[in-house]
Amino acid sequence: MADPILQVRGLSTFFFADEGIVRAVDGASFDLYPGRTLGIVGESGCGKSVTARSILRIVERPGRIVSGEILLRRPGGQVVDLVGLASDGPAMRQIRGGEIGLVFQEPMSSLSAFHTVGVQLIEAIRLHSRLSKKAARDRAIELLALVGIPRPAQRVDAYSFELSGGLRQRVMVALALAAEPHVLIADEPTTALDVTTQAQILELIARLQRERDLAVILITHDMGVIAEMADDVVVMYLGREVEKGPVDAIFHQPRHPYTRSLLRSIPSVLAEPRARLATISGSIPHPLARPAGCPFHPRCPDAMPGRCDVDVPVEVSHADNHVTACHLYTEPVA
Amino acid sequence: MTTPVLEVRHLRKYFPVRRGLLGRVAGHIRAVDGVSFSIAHGETLSLVGESGCGKTTTSRCILRAIAPSAGEILLRDEHGDAIEVASLDRAGLRPLRRRMQMIFQDPFSSLNPRMTISEIIGEPLLVQGMRGTREREARVRDLLELVRLPAAYLNRFPHAFSGGQRQRIGIARALALNPSLIVADEPVSALDVSVQAQIVNLMLDLQDQLGLTYLFVAHDLSVVKHVSHRVAVMYAGRIVETAPTTRLFTSPKHPYTEALLSAVPVPDPRRRAQRIVLEGDVADPSNPPPGCHFHPRCQYATERCRSEIPALREIEPGHAVSCLRAGELSLRGVASGP
């Protein structure tokens with residue numbers, strides 16, 4: 001495997017609110033490789049989106065990165081720690097939207113309603129290149145064609161509200177690719193879309209990844225989307241990574257009780273009709289009231305009193321890059 | 001089969017599209033265009049489809065949140081007496097409200113933040129004439145127990161509760177008046193997976209326990225598989241296929257159902273499916289294509305499909321489909337097992 005293009009090491013991002021400190025991301029570490037998709041999955045409040053925002057250095061106050069490294073290998077080959085850069089400095093502005101493209105969930109609120117699709121694309125293209133306006137417009141039409149928008153030469157002059165949800169999300173992907181990034185971060189890119197449109201967008205991202213050897217971070221709550229798209233998976237719960245590994249191991253040999261319970265509780269089109277679902281007792285605690293020890297212990301079927309509610313579990317690496325943070329595993333399992 | 005609790009016949013809802021200074025009606029959005037189905041006592045029928053297919057408009061017509069443009073909606077009570085809901089005036093609607101209740105999608109905006117749980121659940125009882133405070137409180141306690149919430153929550157306000165708990169409160173309120181029909185519009189789609197499972201199970205258990213009848217409106221076919229006895233698939237204002245749950249999932253007869261099923265991501269990386277990726281977008285209900293509304297996106301479409309409107313025909317008992325080629329196509333469903 002090639003060298004990783006992005007390495008996140010011990011990343012912690014906390015929010016310092018009046019009511020207390022929210023440990024939104026608490027010690028995340030993972031590697032991202034060209035041509036591969038890393039899926040970050042978890043339920044509300046698990047920290048998956050804050051992880052993405054930390055990498056892009058767009059964490060809003062009162063949040064800030066309190067520790068860790070985000071090492072990006074730049075086109076020249078040198079490695080830079082994004083945590084050390086000023087969030088609105090020239091280097092970070094070149095990286096954000098330049099070397100790292102991003103696609104968000106809500107194409108309606110991420111696109112301007114006052115400018116045509118073309119104007120927004122041309123702006124993004126010229127921000128990161130020296131193309132003339134005319135050349136940038138041609139490039140914008142090329143990009144629209146690349147993401148599968150029919151009649152791109154006409155659509156370039158359309159406003160976002162004139163497009164359907166699926167076409168808007170394709171425009172978002174075109175915008176993300178405008179500066180030819182090597183890394184694409186997609187945060188719930190298909191959550192607001194219908195299922196047949198979701199299939200189109202996932203197919204599009206997979207095709208662009210193949211064609212351009214893109215490294216993709218896919219953030220979603222949907223285990224089905226992860227199973228379809230990811231090569232490697234990080235499962236998060238209340239700010240902590242609980243399990244990570246290759247996609248097949250996560251789905252077919254899940255080790256952490258949270259991952260196991262989560263997989264069992266997903267409704268499936270393959271289930272017997274009217275089959276009861278396995279449930280996880282209780283609900284996700286408020287982020288300000290994160291349980292001590294392992295954050296999952298109050299809901300965990302295997303919790304060991306005196307241990308799980310006291311000590312934070314450390315990460316244990318098993319065979320095949322499979323990692324767990326759970327007191328059930330004190331030693332690597334072959 | 002027993003007499004249906006709900007019968008919908010040729011339901012239509014057209015919204016006028018106005019243009020120009022005088023607001024001249026320039027056309028109509030055919031949100032619901034001739035929909036018929038029935039639901040038996042104790043049964044769950046799911047209406048599924050993508051945005052704009054008319055599933056929510058159908059449910060809002062049945063609840064009479066909006067007035068249908070044409071068609072009949074018959075609601076029967078336990079004695080078999082039917083009310084024609086579609087043509088009721090405002091005064092006639094009030095007794096109807098106790099017989100049809102709704103479970104909403106968003107548990108955060110559907111509960112009044114200034115009312116306690118006891119008031120929220122007790123309100124429909126009060127409105128329908130249960131004046132005695134003690135009697136009402138006893139009923140509210142029973143309802144909380146039914147949805148498995150502790151009675152200690154009675155005097156708290158909604159903000160103290162998680163999404164799942166709020167959805168339980170919404171269900172308790174819907175059950176307060178022993179309705180003949182419960183319309184649930186995307187009741188679990190705003191919830192996290194681990195909580196969603198609890199609510200799906202609760203709805204199933206309550207149905208078994210109380211003999212409830214559900215009209216379940218949803219876009220998520222996986223959830224639909226877990227709750228439905230029968231499923232009706234809508235596209236551009238029409239039902240294109242309806243069948244018992246297992247049949248619809250394993251042997252779909254409409255190309256749109258097939259595509260919809262194949263687009264659902266399956267949580268198993270070893271089953272990365274050969275997806276049928278539909279071209280283009282959902283048909284525009286203000287200007288639907290001629291013939292079969294689905295033909296521009298259908299990989300099996302022939303010349304006939306462009307001009308001839310297919311009727312919804314029963315091909316087997318309980319399985320109806322509106323596709324001219326239903327008899328000759330062999331379509332792929334989702335198989336269980338490895």
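In what order do the strands of the open sheet of chain A lie? The open sheet has eight strands, and reading across it gives β6-β7-β8-β3-β9-β10-β12-β11 of chain A, with mixed pairing. Here strands (E, at least two residues) and helices (H or I, at least four) are DSSP runs numbered from the N terminus, and two strands pair if DSSP finds at least two bridges between them. This is a predicted model, in which local features need pLDDT of at least 70 and side-chain atom pairs count only at pLDDT 80 or more, while totals for chains, interfaces and linings use all residues. Residues are numbered from 1 along each chain as its sequence is written, with chains lettered from A and ligands numbered from 1 in the order in which they are written.

At the edges of the sheet stand β6 (100-103) and β11 (315-317) of chain A; each has a single partner strand, so one side of each is left without a neighbour in the sheet. Further in, β7 (residues 183-187) and β8 (residues 215-220) of chain A pair in the parallel sense over five bridges. One of the residues to look for is A:Asp187, whose bridge partner in β8(A) is A:Ile219.

Now for the meeting of the two chains: 40 residues of chain A are in contact with 42 residues of chain B (contact means C-beta atoms, placed from the backbone, within 7 Å). On the side of chain A that touches chain B, α8 (195-212), α9 (223-229), α10 (247-252) and α11 (257-264) of chain A each supply at least two residues. Of the elements there, α8(A) gives the most, with six residues.
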